Amino acid sequence: MEIITAVKGFKDILPPETDKWRYIEDTAKDVFRAFGYSEIRVPLLEKTELFRRGIGESTDIVEKEMYTFLDRGEESLTLRPEATASVIRAYVEHTLHAVESVTKLYTIGPMFRRDRPQKGRYRQFHQIDVEILGPDDPHIDAELLLMVIHFLGRFGLKNLNLEINSLGCLECRPAFREAVVQFLHGSEEELCGDCRRRIDTNPLRVFDCKMEKCREIITKAPRLMDFICVSCREHFAQVIACLTLFEIPYAVNPNMVRGLDYYTRTTFEVTTEFLGAQNAILGGGRYDHLVRDLGGPDVSGIGFAIGMERLAALIPEQAKNAAEGPFLFIAALGEKAVDKAFSLCNRLRMKGVRVEMDYHSRSLKSQMKKADKLNSAFALILGEREIEENRALLRNMRASTQEEISLDEFEETIMKIAR
Ligand code: AMP
């Protein structure tokens with residue numbers, strides 16, 4: 001019979017790759033705890049209006065990439081293309097701003113964008129999303145950036161490029177926008193259809209265009225850095241000063257505007273040449289009006305999202321903790337030995353020790369091969385005679401030594417060495 005395959009752009013994540021994913025998530029939770037974050041879990045499905053208002057009507061995501069449908073022909077719903085809008089919706093809906101003056105949240109999960117699938121770009125992909133809500137103090141931007149770099153450093157990743165820019169604020173951006181509109185009208189004939197249409201609706205989005213010709217034109221466009229007001233300039237300078245204090249290398253990229261409308265002031269991306277065309281590991285920035293635009297109070301925010309697939313692709317196989325393998329493999333020979341091994345194995349598992357065995361009762365040689373393949377630290381060899389004499393052979397797989405132990409004291413011995 002014909003097999004049913006997964007939907008295009010939706011990918012299974014199989015073991016042992018899943019071990020690497022868990023390793024990434026555990027490391028993230030560990031780092032985020034130290035920096036004072038709490039986890040939030042938000043739904044995968046939201047009212048379409050949330051993303052239209054949050055991300056912006058004329059962004060690529062909202063215009064072309066959302067999985068939107070009418071629920072029973074009544075309400076328009078969308079599978080979330082990113083997490084920030086949902087996190088802010090929850091923050092406003094549950095008045096979390098009344099609980100703390102600074103709220104630090106993270107969430108990990110799948111996002112959905114109907115983009116053209118290719119290596120490193122999927123229609124369901126996963127993000128680690130981090131948000132700080134509170135004042136717009138530049139130390140908060142710097143703290144977030146420090147944490148990102150520290151987090152990536154935990155995986156020993158090298159050759160990462162941190163690119164940073166300021167998008168200014170509502171005070172200074174209109175003048176920049178006007179200059180960009182004038183500039184774009186000057187080259188209108190050469191722009192792609194999308195960009196031509198966006199000149200008047202959302203000119204900054206032209207900076208995101210992937211078309212060769214548009215990219216070339218945009219290199220000559222006015223630069224936001226030349227328009228930003230004194231307070232944005234000072235804000236940016238303080239963020240940079242904190243990065244310098246921690247000796248974090250960065251490059252200012254004045255053309256980086258990011259693909260979402262809600263960003264203000266600090267924006268950033270981390271890229272690496274090891275990922276090919278889809279070279280961004282993470283992106284983020286400050287959004288000083290999003291909370292208000294979604295009906296909340298005047299609270300600023302800053303956040304970032306890391307692409308899990310891309311981060312996992314950069315982490316070498318040996319870095320994952322699953323390489324440790326089980327603590328003990330029980331090789332049982334004969335029916336009675338299998339029964340005994342079954343109860344020993346499951347009792348130890350309930351005490352938290354990672355134990356494996358093989359119910360097929362194959363030869364000792366093939367079972368020891370399996371213990372080796374699983375990278376087990378110890379192996380217990382249990383045959384019919386051992387059961388009769390109430391003893392077994394415990395082999396240290398790393399040191400290649402073995403000793404005979406009494407089955408009466410077996411659990412106690414294992415618990416002692418497993419600790
Ligand atoms: P964005 O939400 O577009 O700022 O993306 C943040 C990060 O998510 C990017 O730097 C990528 O690592 C990852 N990402 C975004 N879109 C995709 C996709 N379609 N497939 C895989 N990863 C993605």
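**Close-up 1. Helix α1 meets helix α5 in this predicted model.** Here we look at residues 17-34, which make up α1, and residues 138-153, which make up α5. The two helices pack at an angle of about 140 degrees, and their axes sit 10 Å apart. Since angles over 145 degrees would count as roughly antiparallel, that makes α1 oblique to α5. As for handedness, the α1 and α5 crossing is right-handed.

**Close-up 2. The residues that α1 and α5 bring to their contact.** On the α1 side you'll find Ile24, Thr27, Ala28, Val31 and Phe32. Helix α5 answers with Met147, His150 and Phe151. Sorted by class, the contact of α1 with α5 has six nonpolar and two polar residues, with no charged ones.

**Close-up 3. The open sheet, strand by strand.** Eight strands line up in the order β1-β5-β6-β11-β10-β9-β7-β8, and their pairing is mixed. At the edges are β1 (38-39) and β8 (251-252), each of which pairs on one side only.

**Close-up 4. Strand β11 and the strands it pairs with.** One partner of β11 is β6 (residues 124-134), and this pair is antiparallel over eight bridges. In that pairing, Ile132 stands opposite Ile302 in β11. Another partner is β10 (residues 280-286), which also runs antiparallel to β11 and is joined to it by five bridges. Here a glycine faces a glycine: Gly285 stands opposite Gly303 in β11.

**Close-up 5. Strand β11, buried whichever way its residues point.** Zoom in on residues 300-307 and you have the whole of β11. Eight of the eight residues are buried, so β11 is largely enclosed by the rest of the structure. Ser300, Ile302, Phe304 and Ile306 point one way from the strand. Gly301, Gly303, Ala305 and Gly307 point the other way, and they are buried too.

Conventions. Residues numbered from 1 in each chain as written. Predicted model: local features only at pLDDT ≥ 70, side-chain atom pairs only at ≥ 80, totals over all residues. Heavy atoms only, no water. Axes fitted to C-alpha atoms, helices over the stretch in contact; angles between N-to-C directions. Helix = DSSP H or I, 4+ residues; strand = E, 2+ residues; numbered from the N terminus. Parallel < 35°, antiparallel > 145°, perpendicular 65-115°, else oblique. Left-handed = near helix turned anticlockwise from the far one by under 90°. Contact = heavy atoms within 4.5 Å. Nonpolar A, V, L, I, M, F, W, Y, C, P; charged D, E, K, R; others polar. Buried < 20%, exposed > 50% of the residue type's maximum accessible area, 1.4 Å probe, protein only. Pairing = 2+ DSSP bridges.
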